[in-house]
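Work through these exercises with the sequence and the structure open beside you. Try each task before reading its solution.

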Amino acid sequence: MKPVTLSTLQSLKHAQEKFSVITCYDAAFASRINDAGIEVILVGDSLGMVLQGEDSTLPVTLEQMAYHTRCVKKGNRHSLIMADLPFMSDPSLPALLSNAATLMRAGAHLVKIEGDAWLAPAITELTQRGIPVCAHLGLTPQTVNQMGGYKVQGRGEHAEALLNAAKLLAQAGASLLLLECVPASLGQAITEAVDCPVIGIGAGPHTDAQVLVLYDLLGITPGKPARFVRNFMLDSGSVEGALAAYHQAVKTGEYPAPEHCFE
């Protein structure tokens with residue numbers, strides 16, 4: 001495969017072809033993900049929960065994110081690498097620019113940042129300096145304490161505000177949007193309203209791409225899985241088979257099924 005770029009993902013959206021995204025934190029899994037043809041690797045701050053055993057993503061540091069980004073880069077051949085800016089990476093604009101640059105130097109091709117419409121000026125500043133951005137909307141785990149838990153966002157009267165925020169961030173220069181835990185109808189509305197590709201997790205089947213946490217996909221995360229999770233190891237005899245099955249299910253639209261969606 002040729003290296004996946006943002007232009008690749010934009011072309012897939014225009015052709016109405018789905019692409020897949022998965023979290024990864026090390027070189028060995030990055031290599032297997034490449035073998036499966038998965039287009040985008042997310043070095044997620046979810047590592048705080050699935051690797052470190054924390055109860056949220058908040059304890060993850062920038063240094064830890066840079067370390068795992070470097071590890072993933074070493075095992076990567078052609079997937080696009082996206083890295084999370086961890087909690088409180090943006091106390092000021094100079095700090096945000098410096099922190100984003102750290103992840104880019106570690107091997108990221110773009111950074112992901114959680115927020116809402118207020119992110120627009122920061123996204124413009126980052127993109128003007130050559131740092132592509134994925135804006136994460138909906139359920140944003142870094143604000144779980146403010147939200148009062150992991151709850152579906154964008155229902156009822158809040159749907160229009162989230163739609164308008166997505167439009168604003170796309171206009172500000174976001175190369176990608178990621179929607180987490182929103183009604184499927186809102187996921188579709190946002191995907192159709194913006195030119196940039198939209199990645200969903202618990203956002204319905206109509207987004208341009210899907211993302212899952214690697215350990216959820218393999219069925220090894222302790223506790224009850226979230227509604228949007230599907231264990232691809234159940235019908236696969238290997239990690240390689242599970243990754244390939246996930247990629248194929250996203251491509252064909254088989255995943256997510258109605259039971260993985262919110263209304």
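**Exercise 1: H5 against H6**

Task: Which way are helix H5 and helix H6 turned to each other, and which residues meet?

Solution. 
Step 1. Take the geometry. Helix H5 (residues 93-106) packs against helix H6 (residues 120-128) at an angle of about 50°, and their axes are 11 Å apart. Keep in mind that this is a predicted model.
Step 2. Classify the angle. Angles under 35 degrees count as roughly parallel, and 65 to 115 as roughly perpendicular. H5 and H6 are therefore oblique to each other.
Step 3. H5 and H6 cross in a right-handed way.
Step 4. List the residues. H5 brings Leu93, Leu96, Leu97 and Ala100. H6 brings Ala122, Glu125 and Leu126.
Step 5. Sort them by class. The contact of H5 with H6 has 6 nonpolar residues, no polar residues and 1 charged residue.

**Exercise 2: H4 against H5**

Task: At what angle do H4 and H5 pack, and how do the contact residues divide by class?

Solution. 
Step 1. Read the angle. H4 and H5 pack at about 25°, with their axes 8 Å apart.
Step 2. Apply the cut-off. Angles under 35 degrees count as roughly parallel. So H4 is roughly parallel to H5.
Step 3. Note the hand. The crossing of H4 and H5 is right-handed.
Step 4. Name the partners. On the H4 side are Leu62, Met65, Ala66, Thr69, Arg70 and Lys73. On the H5 side are Asn99, Thr102, Leu103 and Ala106.
Step 5. The contact of H4 with H5 holds 5 nonpolar, 3 polar and 2 charged residues.

**Exercise 3: H6 against H8**

Task: Which residues of H6 and H8 meet, and at what angle do these helices pack?

Solution. 
Step 1. Start with the angle. H6 and helix H8 (residues 158-172) pack at about 25°. Their axes are 8 Å apart.
Step 2. Name the arrangement. H6 and H8 are therefore roughly parallel to each other.
Step 3. Check the crossing. H6 passes H8 with a right-handed crossing.
Step 4. Find the meeting residues. Ala120, Ile123, Thr124 and Thr127 in H6 meet Leu168, Leu169 and Ala172 in H8.
Step 5. Sort them. The contact of H6 with H8 has 5 nonpolar residues, 2 polar and no charged.

**Exercise 4: Ile81 and Gly53**

Task: Is Ile81 buried or exposed? Is Gly53 buried or exposed?

Solution. 
Step 1. Locate Ile81. Ile81 sits in strand E3 (residues 80-84).
Step 2. Compare its area with the cut-off. Buried means under 20% relative accessible area. Ile81 has 1%, so Ile81 is buried.
Step 3. Look around Ile81. Beyond four places in sequence, Ile81 touches residues including Ile41, Val43, Val72, Ala108 and Leu110. The C-alpha atoms of Ile81 and Cys24 are 9.5 Å apart, although these residues are 57 residues apart along the chain.
Step 4. Turn to Gly53. Gly53 lies in the loop between helix H3 (47-50) and helix H4 (62-75).
Step 5. Exposed means over 50%. Gly53 has a relative accessible area of 61%, so Gly53 is exposed.
Step 6. Compare sequence and space. Gly53 and Pro222 are 169 residues apart in sequence, and their C-alpha atoms are 9.9 Å apart.

**Exercise 5: The nonpolar core**

Task: How many residues does the largest nonpolar core have, and what is Tyr246 in contact with?

Solution. 
Step 1. Count the core. The largest nonpolar core has 85 residues.
Step 2. Follow Tyr246. Neighbours within four places in sequence are left aside, and among its contacts are Val21, Ile22, Ile38, Leu217, Phe232 and Tyr255.

**Exercise 6: Backbone features**

Solution. 
Step 1. Find the cis bond. A cis peptide bond joins Tyr255 and Pro256, with omega about 5°. Pro256 is in the segment after helix H11 (239-252).
Step 2. Check phi. Gln16 is not a glycine, and its phi is positive, near 60°.
Step 3. Gln16 lies in the loop between helix H1 (6-14) and strand E1 (19-23). With a relative accessible area of 75%, Gln16 is exposed.
Step 4. Take Met88. Phi of Met88 is also positive, near 60°. Met88 is in the loop between E3 and H5.

Definitions and conventions. Residues numbered from 1 in each chain as written. Predicted model: local features only at pLDDT ≥ 70, side-chain atom pairs only at ≥ 80, totals over all residues. Heavy atoms only, no water. Axes fitted to C-alpha atoms, helices over the stretch in contact; angles between N-to-C directions. Helix = DSSP H or I, 4+ residues; strand = E, 2+ residues; numbered from the N terminus. Parallel < 35°, antiparallel > 145°, perpendicular 65-115°, else oblique. Left-handed = near helix turned anticlockwise from the far one by under 90°. Contact = heavy atoms within 4.5 Å. Nonpolar A, V, L, I, M, F, W, Y, C, P; charged D, E, K, R; others polar. Core = buried A, V, L, I, M, F, W, Y, C linked by side-chain atoms within 4.5 Å. Buried < 20%, exposed > 50% of the residue type's maximum accessible area, 1.4 Å probe, protein only.
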